[in-house]
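Open the structure and follow along. We will visit its pockets and then a pair of rings.

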Amino acid sequence: MTSDDRPITVPDLIAMKSAGRKISVLTAYDYTMARLVDAAGVEAILVGDSLGMVVQGHANTLPVTLKQMIYHGEMVARAVRRALVIVDMPFPSFHLGINKSVGNAARIVKRTGCQAVKLEGGGEQAPVIAAMVSAGIPVMGHVGLRPQSVHQLGGYRVQRDAQRLLADAKAVEQAGAFSIVLECTAAEIADRVTAELSIPTIGIGAGAGCDGQVLVLNDLLGLTPGHVPRHVKAAADLKGEIARAVTQYRDEVRAGTFPGKEQTFR
Ligand code: KIV
């Protein structure tokens, strides 16, 4: 990790694992939130395709397009001064053969100004990851629960196939990924993967043994309506705070007490 204010790099994150320092990552999808999150001091900001659910209101991440990821990635990268910015590759932008997939990753990096891309998948994605890395594009892997494969996995379930997870994580590392997200995996398996890889593991619902953690920002801030996954620990209740502020505004408008003298020009 950098001790000063210089931007965090891919080698910095790898060095944090060697130094035994935990890595904190959060998602962000727009300029305002990205500025706040960056200023508060996480090491990396992920423009996740979870925006399909938390920003766009879809039931899953599958409808998100490359154009939309670039649109949100641009806003976030414009806001961030220090954190490493990683943009998710949406379905199916990296399943289109090596040339097209590398082209799509390059488009994300060129258009947004982010420093890395993330893509879901294990051993089967190794050739694509290796081609992106040899084009100079840092890649974060993503194994365990892969939301883009929700239909194939039969739902958002905790992943417990230790052999498969370990093989996938190793294949992603060997392909040259600089880090790997482990989503919703049994903690003992995540611990083993973390011990056997030299790149940092970033867990979400994968226990405390990972080299770092990532959460969806809206979940952390208490903005998510309805069901919140078990792995989330909300650190604020912005849903409640927004309801309070909007109700107060509505009541003041109705009562004629807003705008007051201070908000009125003469
Ligand atoms: O899309 C996303 O936000 C993610 C994280 C939850 C890891 O992939």
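Helix H3 (51-54), strand E6 (179-183), strand E8 (212-215) and helix H10 (217-220) each give at least two residues to the lining of the largest pocket. Helices (H or I, at least four residues) and strands (E, at least two) are DSSP runs, numbered from the N terminus. This is a predicted model, where local features need pLDDT of at least 70, side-chain atom pairs need 80 or more, and totals for chains, interfaces and linings use all residues. Residues are numbered from 1 along each chain as its sequence is written, and side-chain values use heavy atoms, leaving out hydrogens and water.

The largest pocket holds about 1,000 Å³ of space. Its lining counts 43 residues, and Glu183, Ile204, Asp219, Pro229 and His231 are the closest to its centre. A pocket is an open set of points on a 1 Å grid over the protein atoms alone, where a 1.4 Å probe fits, with protein on both sides within 12 Å along at least five of seven lines; lining residues have an atom within 4 Å of a point. By class, this lining has 20 nonpolar, 14 polar and nine charged residues.

Now take the second largest pocket, with a volume of about 210 Å³. Among its 15 lining residues, Gln213, Val214, Leu215, His231 and Lys233 are the closest to its centre. Strand E1 (23-27) and E8 are the elements that supply two or more lining residues here.

Finally, look for rings. The whole structure has one aromatic pair (ring centres within 6.5 Å). Tyrosine 249 and phenylalanine 258 form this pair, edge-to-face (planes over 60 degrees apart), at 5.9 Å centre to centre and 65° between the planes.

Note on methods. Grid points are joined across faces, edges and corners, and a volume is the space filled by probe spheres set on the points. Ala, Val, Leu, Ile, Met, Phe, Trp, Tyr, Cys and Pro count as nonpolar, Asp, Glu, Lys and Arg as charged, and the others, Gly among them, as polar. Rings of Phe, Tyr and Trp (its six-membered ring) pair if their centres lie within 6.5 Å; planes under 30 degrees apart count as stacked, over 60 as edge-to-face and the rest as tilted.
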